[in-house]
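This briefing concerns a single protein chain and is arranged by topic. Please consult the sequence and the model below alongside the points that follow.

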Amino acid sequence: IGPNGAGKSTLMRCLYGVNQPDAGTIYFQGKNLWQSPPKQNAQKIAVILQEQSEHLGLTVYDVVALALTPHKKLFEWDTPQDRQHIQAALFEHDLVPLQHRLFAHLSGGEKQRVMLARAMLQRPLLLIMDEPTNHLDVHYQFEVLQKVKHKVKAEALTVLASFHDLNLAAAFCDHIIVLQGGHITAQGSPDEVLTEQMISEVFKTCAWVDKHPMDGHPRITYGYHHV
């Protein structure tokens with residue numbers, strides 16, 4: 001988490017191999033990320049971005065099926081088992097009625113659900129999500145994050161996500177890192193990090209932090225802008 005311009009998206013672009021860092025080394029599973037073949041990285045790292053490519057001419061089914069590409073040889077066709085897995089991913093994310101529609105014609109929220117289905121089908125060890133609830137209405141915000149949380153608990157999956165909504169971060173994250181001006185200013189559990197003082201100092205906003213009555217995680221209520 002962090003204010004606009006804090007470096008969240010820049011950091012993520014370094015982690016999924018778009019921006020090479022000016023200094024330092026990124027290790028994934030003990031190997032230098034930038035020295036590993038891109039296909040090998042794609043077998044283990046999936047990415048969901050704020051804004052999606054239009055994938056011109058591709059249907060929803062086609063876009064979800066792209067998840068299998070890193071696991072195949074050149075010109076290898078989908079098997080009947082592959083097609084079963086694709087259909088299962090479409091069903092899990094309520095996309096079966098949309099599977100023959102062009103991806104470019106979907107709403108922003110529908111595109112985000114398609115990209116989540118593709119990412120899950122990719123079977124990654126690390127899922128990077130830049131503003132995963134962007135364009136989603138309240139219902140799908142919670143549904144998407146609950147599905148991701150279930151995958152984390154059920155499989156060997158680590159998720160690194162950026163959030164503007166601190167209440168969603170409080171509800172779904174186990175560990176929170178606060179970025180400000182390209183530097184880490186705080187990190188720890190939601191209870192440790194999401195304090196009134198941090199929100200005032202980092203986000204320049206007054207807030208009241210208490211416990212959510214349903215599950216006890218921090219709940220942030222915003223006041224006026226700090227001058």
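The largest nonpolar core has 29 residues, and the members that touch the most others are Val64, Ile86, Val114 and Leu127. Two or more residues of this core come from each of strand E3 (45-48), helix H3 (60-65), helix H4 (80-92), helix H5 (108-121), strand E4 (126-130) and helix H6 (138-154). The most is given by H5, with 7 residues. The model discussed here is a predicted one.

**Nonpolar cores**

- Beyond its neighbours within four places in sequence, Leu127 is in contact with Ala46, Val47, Ile48, Ala119, Met120, Val148, Leu157, Thr158, Val159 and Leu160.
- In general terms, nonpolar side chains in soluble globular proteins tend to be buried together.

**Overall form**

- The chain contains 9 helices and 9 strands.
- Its radius of gyration is 19 Å, close to the 17 Å that the globule rule gives for 227 residues, so the chain is as compact as a globular protein of that length.
- The C-alpha trace spans about 60 × 40 × 30 Å along the principal axes of the chain.
- Of the 227 residues in the chain, 42% are buried.
- When contacts between residues at least 6 apart in sequence are considered, 59% of them join residues at least 24 apart.

- Strand E6 (residues 176-180) and strand E7 (residues 183-188) run antiparallel and are joined by 5 bridges.
- Across the pair, Ile176 stands opposite Gly188 in E7, and Leu179 stands opposite Ile184 in E7.
- The hairpin formed by E6 and E7 has 2 residues between the strands, and Gly181 in the turn has a positive phi of about 60°.

- Asp94 is not a glycine, yet its phi is positive, at about 60°.
- Asp94 is placed in the loop between H4 and H5.
- With a relative accessible area of 37%, Asp94 is partly exposed, because that class lies between the 20% limit for buried and the 50% limit for exposed.
- Glu131 is a residue other than glycine that has a positive phi, near 55°.
- Glu131 lies in the loop between E4 and H6.
- The relative accessibility of Glu131 is 7%, so Glu131 counts as buried.

**Aromatic and charged groups**

- The structure holds 1 aromatic pair.
- As a matter of description, a pair of aromatic rings is characterised by the distance of the centres and the angle of the planes.
- The charged end of Arg113 sits over the ring of Tyr140, at 4.2 Å from the centre of that ring.

- Tyr61 counts as buried because its relative accessibility is 18%, where the limit is under 20%.
- Apart from neighbours within four places in sequence, Tyr61 is in contact with Arg83, Ile86, Gln87, Leu90 and Gln99.
- Among these contacts is Ile86, and Ile86 is one of the residues that touch the most other members of the largest core.
- Tyr61 and Leu95 are 34 residues apart along the chain, with 8.8 Å between their C-alpha atoms.

- Asn41 is found in helix H2 (residues 38-42).
- The relative accessible area of Asn41 is 16%, so Asn41 is buried.
- Not counting residues up to four places away in sequence, Asn41 touches Leu33 and Ser36.
- Gly5 lies in the segment before helix H1 (8-15).
- Gly5 counts as exposed, because its relative accessibility is 76%.
- From C-alpha to C-alpha, Gly5 and Asn41 are 27 Å apart in space, and they are 36 residues apart in sequence.

Methods:
Residues numbered from 1 in each chain as written. Predicted model: local features only at pLDDT ≥ 70, side-chain atom pairs only at ≥ 80, totals over all residues. Heavy atoms only, no water. Core = buried A, V, L, I, M, F, W, Y, C linked by side-chain atoms within 4.5 Å. Buried < 20%, exposed > 50% of the residue type's maximum accessible area, 1.4 Å probe, protein only. Helix = DSSP H or I, 4+ residues; strand = E, 2+ residues; numbered from the N terminus. Contact = heavy atoms within 4.5 Å. Phe/Tyr/Trp six-rings, centres within 6.5 Å; stacked < 30°, edge-to-face > 60°. Lys NZ or Arg CZ within 6 Å of the ring centre and 35° of its normal. Pairing = 2+ DSSP bridges. Rg over C-alpha atoms; globule rule 2.2 N^0.38 Å.
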